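Please look at the sequence and the model below, then read on.

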Amino acid sequence: TKLTAERSAAVSVELSDAYGRDWFIGGAIHIDNLCGNGPFPHRLPGRRFIPSNRTVSVKLTDLSGNPNTFARLTLHGYRLVGQRTDA
């Protein structure tokens with residue numbers, strides 16, 4: 001439901017699901033336009049359901065050209081707990 005990030009330099013972000021579909025506008029987005037910080041997280045523009053056996057790919061690209069930069073992206077959400085059916 002929310003995204004936060006820590007960074008030491010300018011970074012672009014691409015998020016995609018297990019099938020390679022982009023979550024947003026079909027390309028990289030500057031991290032400041034996509035993520036908030038701890039006290040002020042950025043809300044996703046809609047709910048995203050991620051099954052527990054699927055992955056989310058995150059591609060971070062350094063835009064500053066400086067060495068030793070880092071970025072950490074955190075997805076905030078809920079775990080849905082319900083009755084499993086084994087068919």
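Which residue in β6 is the bridge partner of Ala5? The bridge partner of Ala5 is Leu73. The model is predicted, so local features are given only at pLDDT of at least 70 and side-chain atom pairs only at pLDDT 80 or more, while totals for chains, interfaces and linings use all residues. Residues are numbered from 1 along each chain as its sequence is written, and side-chain values use heavy atoms, with hydrogens and water left out.

**Overall build**

- The protein chain holds one helix and six strands; helices (H or I, at least four residues) and strands (E, at least two) are DSSP runs numbered from the N terminus.
- Starting at the N terminus, the order of elements is β-β-β-α-β-β-β.
- The C-alpha trace spans about 55 × 30 × 25 Å along its principal axes.
- Of the 87 residues in the protein chain, 21% count as buried; buried means under 20% relative accessible area, exposed over 50%, and partly exposed in between, with a 1.4 Å probe and protein chains only.
- Among contacts with a separation of 6 or more, 70% are between residues 24 or more positions apart; contact means heavy atoms within 4.5 Å.

**Sheet**

- Three strands form an open sheet in the order β4-β1-β6, with antiparallel pairing; two strands pair if DSSP finds at least two bridges between them.
- β4 (42-43) and β6 (71-76) are at the edges with a single partner strand each, so one side of each has no neighbour in the sheet.
- β1 and β6 run antiparallel and are joined by six bridges.

**Nonpolar core**

- The largest nonpolar core consists of eleven residues: Leu3, Val11, Val13, Leu15, Trp23, Ile29, Ile31, Leu34, Cys35, Leu44 and Leu73.
- At least two residues of this core come from each of β2 (11-16) and α1 (31-34), and β2 gives the largest share, three residues.
- A nonpolar core is a set of buried Ala, Val, Leu, Ile, Met, Phe, Trp, Tyr and Cys residues joined through side-chain atoms within 4.5 Å.

- Ser12 is in strand β2 and counts as buried at 10% relative accessibility.
- Not counting residues up to four places away in sequence, Ser12 touches Ala28, Ile29, His30, Ile31, Lys59, Leu60, Thr61 and Leu63.
- Ser12 and Leu34 are 22 residues apart in sequence, and their C-alpha atoms are 9.2 Å apart in space.
- Ser16 is also found in strand β2, and its relative accessibility of 17% makes it buried.
- Ala9 is in the loop between β1 (2-7) and β2 and is buried, with a relative accessible area of 8%.
- With residues up to four places away in sequence not counted, Ala9 touches Asp62, Ser64 and Thr69.
- Ala9 and Gly65 are 56 residues apart in sequence and 8.8 Å apart in space, C-alpha to C-alpha.

**Second largest pocket**

- The second largest pocket contains about 190 Å³ of space.
- A pocket is an open set of points on a 1 Å grid over the protein atoms alone, where a 1.4 Å probe fits, with protein on both sides within 12 Å along at least five of seven lines; lining residues have an atom within 4 Å of a point.
- Grid points are joined across faces, edges and corners, and the volume is the space filled by probe spheres set on the points.
- This pocket is lined by 13 residues, and those closest to its centre are Asp17, Arg21, Trp23, Phe49 and Ile50.
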